Amino acid sequence: MGHLIRSVSALALSATLLGSVAHAQDDEESKTLYRVFVADHKDPKITAFDLSKPEKRWTFNTVGQNKLYSVNEGASVVAVQSDNDAVNFINSGITLRSHGDHSDIEITDPQVVTKALTGPRPFHVIDHNGKIVINFDKGGYNEIVDAHELSDGEIETTRLKQARAHHGFAAPVGNAWVTTVASDAPVEGNMAPTRVGLRAVKEDGTPTGDVVTCTDIHGEAFSGAFLAAGCKEGILAVTASANGPVAKMLTYPAALPKDQTTGTLLGAKSMQVFLGNYGARGLVVIDPADEPHFRYIELPFRRIDFALDPANVRFGYVLTEDGTLHQIDILGGKISKGAKVTEPYSMDGHWNDPRPRIALAGDEVVMSDPNAGLVRRISKTDLKEVGAIKVEGKPYNIVVAGGSGQVHEHADGEAHDHAGHDHAHSHGDPKIYAGYFEDNQVKDRPLADYVGDWQSVYPYLKDGSLDPVWKHKAEKGTATVEEIRAEYEVGYKTDVERITIDGDVVTFFKDGQPSKGTYAYDGKEILTYKKGNRGVRFIFKKTGGDATAPQYIQFSDHGIAPNKADHYHLYWGNDRAALLKEVTNWPTYYPSSLKAEEIVSEMKAH
């Protein structure tokens with residue numbers, strides 16, 4: 001499938017091991033919990049229960065049949081009621097926070113967010129870079145919800161308008177946005193407008209680029225640096241660049257069955273690969289970067305539902321109408337095994353007829369079985385049923401939240417509460433942040449602390465967006481606005497506009513062109529500055545990848561121990577010692593999901 005897919009097997013293995021290793025400490029308890037949310041096919045309700053204790057359950061009433069989406073790393077569930085023009089949000093009650101060598105888990109009861117969204121026929125939901133985006137098919141717009149605010153039980157939305165109402169989507173790509181485009185001409189035999197392609201737009205929907213052809217565009221997913229969308233011609237692969245989104249059509253090869261397309265896509269998180277449907281009896285594994293881009297997997301019967309395994313990205317699972325669950329080897333591009341798990345469900349009839357749906361929960365596949373009124377628990381090891389949970393009505397759409405983590409306890413026995421601070425401005429001990437600490441406080445840090453999609457702030461300095469920051473600094477100190485801006489002009493200067501970090505793979509984007517390397521931890525160095533304060537460089541050495549990728553990268557983010565970075569300064573080059581002497585140029589990166597005004601707010605809060 002190309003060198004990228006072959007090389008990521010180690011990433012898949014490490015992700016699996018991280019999920020299974022208990023971080024044992026005397027004062028901490030390791031806990032694994034998966035919470036299942038299942039929507040009824042007929043009644044307007046959602047049932048939730050803990051997989052380990054299914055007798056502990058909650059029921060949430062809605063106004064219509066629900067399609068469920070797990071978003072924000074499982075912290076929230078979106079319930080879309082397309083036929084009833086409503087969208088509800090449920091906080092799952094399970095929050096996982098990564099700290100590199102382990103994760104913390106916080107567990108509470110699930111709760112409905114009081115505010116709901118209403119509008120004409122909500123449908124597609126996208127969850128990416130801290131944004132949850134819902135397309136309103138008959139309204140001609142998308143509502144953009146801030147994921148962090150949603151975790152706090154609040155809903156703040158902005159609206160991205162489309163030229164005309166249609167069944168489509170909008171998605172963030174780097175600092176920009178894209179939206180599907182439809183023409184005035186209706187689909188033959190249907191009053192709906194024809195979907196013709198994808199266009200770059202501002203967050204309010206104002207076009208910034210031409211329409212890229214993607215006939216009948218439908219289905220989308222993110223993986224690595226790519227957004228992928230299904231088209232009549234092939235798969236449209238979109239990446240970010242300094243000049244906006246860049247699209248490339250991956251044309252279906254002649255070897256694939258004719259007159260079939262991909263309309264549903266799933267994107268892996270720990271490696272850059274997609275799994276999509278292809279006709280009624282096929283799947284395609286898609287490598288968006290390297291050829292061959294497609295691997296076709298023929299199924300013995302028509303497909304009912306399929307899913308990727310977030311705990312072990314090597315595998316996917318697909319249920320076929322004969323009642324067989326198949327394990328898909330993503331790296332091999334083939335079916336690895338299968339077993340009968342339910343009675344047959346014919347794919348004849350309406351697409352929304354009650355049929356099973358599958359999701360992953362740690363070592364198990366959970367499957368709704370509408371006709372039996374059950375949620376079945378199936379072992380991933382041998383695909384045998386290990387339990388069945390009775391659910392009233394006809395259990396249908398299903399999602400899972402949860403995982404493994406440490407439960408921290410205070411002296412009074414109460415679980416540690418992370419919610420009592422502003423998520424956007426938490427920088428730990430202010431003395432440490434200012435550079436005053438003891439050597440024994442400094443701990444090794446993993447590359448996982450910096451995982452994410454990051455944007456350079458240098459373009460915002462150049463266009464004047466950061467001017468309020470210089471004014472704020474001048475008001476607090478003795479330097480003028482002009483002097484401060486000149487210092488940061490040198491400090492922030494870089495031609496690497498974007499960096500993505502996924503596992504041990506770091507990708508640098510210069511003029512939209514990627515250069516990637518794999519990196520391993522190479523120790524830490526404590527530096528003392530002229531003012532007497534100090535900083536720590538966490539250093540990683542290249543172990544493979546492109547020749548253009550630097551030999552060393554050194555992170556500085558004001559932290560001195562494992563903790564997820566909210567921004568960082570990065571130094572890179574081929575001479576480890578020389579980099580440690582660089583103190584005037586410190587290219588700075590913030591999450592790509594943040595807008596200029598949000599970055600300004602972050603900087604002023606330091």
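Which residues of H9 are buried? In this predicted model, they are Ala596, Ile599, Val600, Glu602 and Met603.

## Helix H9

Viewed along the axis of H9, these buried residues lie within an arc of 160 degrees, so they line one face of the helix. An α-helix has 3.6 residues a turn, so residues three or four places apart point the same way.

The packing partners of the buried H9 residues comprise strand E36 (452-456), H5, H6, H7 and E43. One of these partners, H7, is described next.

## Helix H7

Helix H7 covers residues 481-492. Its 12 residues, at 1.5 Å a residue, should span 16 Å, and the C-alpha atoms at its ends are 16 Å apart, which agrees.

Ile484, Tyr488, Glu489, Gly491 and Tyr492 are buried in H7. Because they cover an arc of only 165 degrees around the axis, they are placed on the same side of H7. The elements against which the buried residues of H7 pack are helix H5 (458-462), helix H6 (467-476), strand E43 (588-591) and helix H9 (596-605).

## The four-stranded sheet

Elsewhere in the chain, 4 strands make up an open sheet in the order E31-E32-E33-E34, with antiparallel pairing. Strand E31 (358-361) and strand E34 (385-390) are the edge strands, each pairing on one side only. On average, and with direction ignored, neighbouring strands of this sheet are turned by 25 degrees against each other.

The pairing can be followed strand by strand. E31 is joined to E32 by 4 bridges, and Leu360 stands opposite Val365 in E32. Between E32 and E33 there are 6 bridges; Glu364 has Ser379 in E33 as its bridge partner. Strand E33 (residues 374-379) is in turn joined to E34 by 5 bridges, with Arg376 partnered by Ala388 in E34.

E32 takes part in two hairpins. The hairpin of E31 and E32 has 2 residues between the strands, and Gly362 in its turn has a positive phi of about 65 degrees. In the hairpin of E32 and E33, 4 residues lie between the strands, and Gly373 in the turn likewise has a positive phi of about 65 degrees.

How many of the residues of strand E32 (residues 364-369) are buried? The count is 6 of its 6 residues, and the strand is mostly covered. Burial extends to both faces: Glu364, Val366 and Ser368 are buried on one side, and Val365, Met367 and Asp369 on the other.

## The disulfide

The structure holds 1 disulfide. It is formed by Cys214 and Cys231, whose sulfur atoms are 1.8 Å apart. The link of Cys214 and Cys231 is left-handed, with -95 degrees about the S-S bond. The pair links distant parts of the chain, 17 residues apart. Cys214 lies in the loop between strand E18 (212-213) and strand E19 (218-223), whereas Cys231 lies in the loop between strand E20 (226-230) and strand E21 (234-239).

Are these cysteines buried or exposed? Cys214 has a relative accessible area of 0% and is therefore buried. Cys231 also counts as buried, because its relative accessibility is 1%; the cut-off for burial is under 20% relative accessible area.

Key. Residues are numbered from 1 along each chain as its sequence is written. This is a predicted model: local features need pLDDT of at least 70, side-chain atom pairs count only at pLDDT 80 or more; totals for chains, interfaces and linings use all residues. Side-chain values use heavy atoms; hydrogens and water are left out. Two strands pair if DSSP finds at least two bridges between them. Axes are lines fitted to C-alpha atoms, for helices over the stretch in contact, and angles run from 0 to 180 degrees between N-to-C directions. The expected span of a helix is 1.5 Å times one less than its number of residues. Buried means under 20% relative accessible area, exposed over 50%, partly exposed in between (1.4 Å probe, protein chains only). The arc is that of the directions from the helix axis to the C-beta atoms. Contact means heavy atoms within 4.5 Å. A disulfide is a pair of cysteine sulfur atoms within 2.5 Å.
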